Amino acid sequence: MSLRDPRARTYHGRADLMILVMLSLEHDLVLDKYLLFTPGPVNVAESLRSAICKEDICHREPDFDDLLGSIEHKLLSLFQIRNRARYRAVVITGSGTAANEAIVSSVVGRGAILILSNGEFGARLHKTSLIHNKQTHLIEVPWGAPFDLPQIAAYLVAHDIDVVAMVHHETCSGMLNPLAQIGAMAKANGALFVVVDGVSSVGAEVIDMEACHIAFVSSSSSKAIGSYPGLSFVVGRKKQFKRLKRHAAKTTYLNLATFYEFLKTRGQTPNTPAIPLFFALEQALTNILREGVIKRYARIKARADLLRVGMRRLNLEFLIKEEDMCSILTTVRVPPSVSVRALRARLRERSIIIYEGKGCFSGKVFQVGNIGELSDYDIRYFLAALKDVLLLLQAEAAELVAPVRPKGASLVRLPAPQNTRAKVVS
Ligand SMILES: Cc1ncc(COP(=O)(O)O)c(C=O)c1O
């Protein structure tokens, strides 16, 4: 764009904004992939791309038993379980919701379950439980608010609750909920503590199942674990897995007792598994363990910190306090005069994908994930693009420049940095 361009002439003498607008219109190298700054799905490691294309095997043959055995072994290592003989892990073909529903429908029987909810995914657990469990109790606080622990303690004393279930990382706000305190309360009141939903925290946050008295945790392949979508898993205490057969089945496909029986007796899954995804999951777990669980968690947290420092420098405000946040995601308040839809569209033009808020957060926040194969260069690129786009949108809103029509989802042209994984298409 030249200074003669009519879009430039609508600018009223602000040189800083002018330069940004011109730069934003003049990117001319192409990234050959989207950068997924989301809480999942994520950009996967190259090693997973080859793993998913491994040989064709049959799930009723020893090859699959070995594959599943290796995944289970590695899942127990991921959770850093000290007394490994007391825990087992089943893998389900289905996204995170499948593992959540498997737990909610399999562990309660005719008993009473208390769901703790402070967001969208807590609400989903409640909805799922209402389908399967007649005695479903709910303690609900507003989305993005921390739980009131004395309220939960009092509720457990006053009611006959068999199972307490909650979401570990409430992805809608980015809040990490406290496991140790709630686990201790459940134990003190003789209830089984189930962190039904570790879908967006497992692989990035320490979950000490033993210390927190957790009976079962669910998660999925496609978030902090770093693999493709389509698989989920449940890690649980063997004693509790064994007890599941006492309950009448409430579903066929997602009955955890059946998964456990097949695992125990055959080392297999009850139904046909998505075998290529199992190969990829196995590779993702190998990658995590090779790096070291704690080292990896520290790396993810450092990446979140880098993003957060950069976004604070842009005067952006976060939805919740940083000490309450999970390390995989930052939920950011949308600045005045900026539309989230336009922000996402403009970032998409630059090959960057972010999330927008849902439910009561719709239009008010956007979410930036930092898991998967994102480099420090990608983070810096994101921050520069975000600054560029926010200035552009604010300038447009103030009618300092004429709106630029979004180009759609085409991949944006960028200068190729040294040592970046983002390949440049010639
Ligand atoms: C905390 C949490 N639970 C459950 C889900 C649902 O997982 P899926 O879409 O893989 O079924 C999500 C998805 O974002 C999530 O973040």
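First, the ground rules. The model is predicted: local features need pLDDT of at least 70, side-chain atom pairs count only at pLDDT 80 or more, and totals for chains, interfaces and linings use all residues. Numbering starts from 1 along each chain, as its sequence is written.

Start with the overview. The protein chain has 14 helices and 16 strands. Those are DSSP runs, numbered from the N terminus: helices are H or I with at least four residues, strands are E with at least two. Of the 426 residues, 45% count as buried. Buried means 20 or more other C-beta atoms within 10 Å of the residue's own; exposed means 12 or fewer; partly exposed is in between; C-beta atoms are placed from the backbone. Now contacts. Two residues are in contact if their C-beta atoms, placed from the backbone, lie within 7 Å. Among contacts with a separation of 6 or more, 73% come from residues 24 or more positions apart.

Next, the sheet. Seven strands form an open sheet with mixed pairing. The order is β3-β11-β10-β9-β6-β4-β5. Pairing here needs at least two DSSP bridges between two strands. The edges are β3, residues 87-93, and β5, residues 135-140; each pairs on one side only. Neighbouring strands are turned by 20 degrees against each other on average, direction ignored.

Look at β10, residues 214-220. How many of its residues are buried? Seven of its seven, so β10 is mostly covered. On one side, β10 pairs with β9, residues 192-197, in the parallel sense over three bridges. V195 stands opposite V217 in β10. F193 has I214 in β10 as its bridge partner. β10 also runs antiparallel to β11, joined by five bridges. There, S220 is bridged to S232 in β11.

Two helices lie across these strands. Helix α6, residues 120-132, lies across β4, β5, β6 and β9. α6 runs at about 160 degrees to β4. Helix α10, residues 256-266, lies across β3 and β11, at about 110 degrees to β3. Angles run from 0 to 180 degrees between N-to-C directions, and axes are lines fitted to C-alpha atoms, for helices over the stretch in contact.

Stay with α10. Its buried residues are L256, T258, F259, Y260 and L263. Their cover includes β3, α5 (96-106), β11 and α9 (238-243). After α10 comes G267, with a positive phi near 70 degrees.

Now a helix pair: α4, residues 62-78, and α11, residues 275-291. Their axes come within 9 Å and cross at roughly 35 degrees. Which hand is the crossing of α4 and α11, left or right? Left-handed. That label applies if the near helix is turned anticlockwise from the far one by less than a right angle; clockwise is right-handed. From α4, the residues in contact include F64, L67, L68 and I71. From α11, they include F278, F279, L285 and L289. By class, the contact has 13 nonpolar, three polar and two charged residues. Nonpolar covers Ala, Val, Leu, Ile, Met, Phe, Trp, Tyr, Cys and Pro; charged covers Asp, Glu, Lys and Arg; the others, Gly among them, are polar.

On to the ligand. Which residues surround the ligand? They are S95, G96, T97, F121, V167, H169, T171, D197, V199, S200 and S220. A residue is near a molecule if its C-beta atom, placed from the backbone, lies within 6 Å of it. The shell has three nonpolar, seven polar and one charged residues.

Last, some backbone spots to check on screen. G40 and P41 are joined by a cis peptide bond, omega about 5 degrees. P41 sits in the loop between β2 (35-36) and α3 (46-51). Q80 is not a glycine, yet its phi is positive, near 50 degrees. Q80 is in the loop between α4 and β3. Is Q80 exposed or only partly exposed? Partly exposed, because Q80 has 13 C-beta neighbours inside 10 Å. N315 also has a positive phi, about 65 degrees, without being a glycine. N315 lies in the loop between α12 (293-313) and β12 (329-333). N315 counts as exposed, because its C-beta neighbours inside 10 Å number 8.
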